[in-house]
Amino acid sequence: MAREFENLDTKAIHAGELEENIEGAITLPIFQSSTFLYSGQSRYEDLKYIRLNNTPNHIVLHGKLAALEGGEAALVTASGMAAITGTLLTLLSAGDHLLAQDCLYGGTHDLLTTDFDSWGIEYDFIDSSNPSSWEEKLKPRTKVILVEGISNPLMKIGDLLSVVEFAREHGLVSLIDNTFATPVNFNPLKHGFDLVLHSCTKYLNGHSDIVAGAVVGTRSHIRRINRKLLHLGGSLDPHACFLLHRGLKTLGVRVRQHNRNALAVARFLHDQPAVSVINYPGLGGLTHNARNLELFRGFGGMLSFELAGGAEAAREFVSRLKLIQEAPSLGGVETLITRPATTSHSGLSEEDRLELGIGDGLLRLTVGIEGVQDLIDDISQALC
Ligand SMILES: *Cc1c(COP(=O)(O)O)cnc(C)c1O
């Protein structure tokens, strides 16, 4: 029987670990073996094989991720997108209908708008902060509702509690992409969501050196999603499992520092006359629904802002930065900046992008865990 822990930092280090230290090793070794000795299994998915996501490296990660999110079971995947596609294709078949938050991660948005049609799966976008507008979008075959805890790149927190209530009332499976908040800041399963999705590429691994994903929820959901993933083939390599396992152990200390640094940078930007808009839920403000804001213990390292000088000023600002590097992706220890119009959201039409509030000059910062004064100094010298 696996030991259970209350504290998140203890879970990150000890939950899911094997009871015996292999050859006395404190750290779980990498089982770089595609196949394992047959030991009488009668079902295909019980054979030990990397694609079946059941090597010791996978099993330990599943236990740790389930403990961190407070779920019965977890599944690691080859990328965040593999977790998202594997989950959606398990829950939706041709003729079914999905409700999805309108401002989604670019890859997920692209998946719906370019692939769903050819698979015969229907979808509609909803404004996640306006529950009274959802019911009219329901169809007889609506099966799933998908939202993000903190949206990219405007850092909006929708009416998440209403999503859970709405899903229960209408018999939908509720999915939430919790990549930005992480279980350090928000535990969706505790508040009634059915399944939590992660791009572990980001905060959960935290070191910008692998691509990985995860889904956490009930045992029966996870078993079904795993069966689908065996066919789709998006399993995580044991070496990447090892790196994710290592990254997870410091999740708590890293994310709390991300929270502190981002709040300090957001406050600094808020006070600069050259900054016209700043999006960070930790600053409060009217765009967030108070009862949902209270679900979060912190707001993570992601923020976005616009300069009064528009796109041209944004380009010049980025070119003057010395410590902060221009690159997409997020959630690593280093601070990065990107212009969503040219990176994460370049797949959207200009019209859709502007309608969602993602202007050409919007800058998105993933605040790392460096000394915060060094970050503020860099931003400050680049602003003038
Ligand atoms: C990056 C990201 C994804 C996709 O994850 P990959 O690991 O790149 O496949 C999904 N959702 C969110 C919110 C992300 O930031």
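Buried means under 20% relative accessible area; partly exposed lies between that and exposed, which is over 50%. The model used in these exercises is predicted.

**Exercise 1.** Classify the ring pair F116 and Y123, and say whether each residue is buried or partly exposed.

Solution. 
- A pair of aromatic rings is described by the distance of the centres and the angle of the planes.
- For F116 and Y123, the centres are 6.3 Å apart and the planes stand at 75 degrees.
- Pairing needs centres within 6.5 Å, and an angle over 60 degrees counts as edge-to-face. The F116–Y123 pair is therefore edge-to-face.
- F116 has a relative accessible area of 1%, so F116 is buried.
- Y123 has 26%, so Y123 is partly exposed.
- Both residues belong to one aromatic cluster, together with W119 and F125.

**Exercise 2.** Find which parts of the chain the pair W134 and F166 ties together.

Solution. 
- The ring centres of W134 and F166 are 5.5 Å apart, with planes at 80 degrees, so this pair is edge-to-face.
- W134 sits in the loop between β3 (122–126) and β4 (142–148), and F166 in helix α5 (residues 160–170).
- The pair therefore ties together parts 32 residues apart in sequence.
- W134 is buried at 0% relative accessibility. F166 is buried too, at 7%.

Methods
Residues numbered from 1 in each chain as written. Predicted model: local features only at pLDDT ≥ 70, side-chain atom pairs only at ≥ 80, totals over all residues. Heavy atoms only, no water. Phe/Tyr/Trp six-rings, centres within 6.5 Å; stacked < 30°, edge-to-face > 60°. Buried < 20%, exposed > 50% of the residue type's maximum accessible area, 1.4 Å probe, protein only. Helix = DSSP H or I, 4+ residues; strand = E, 2+ residues; numbered from the N terminus.
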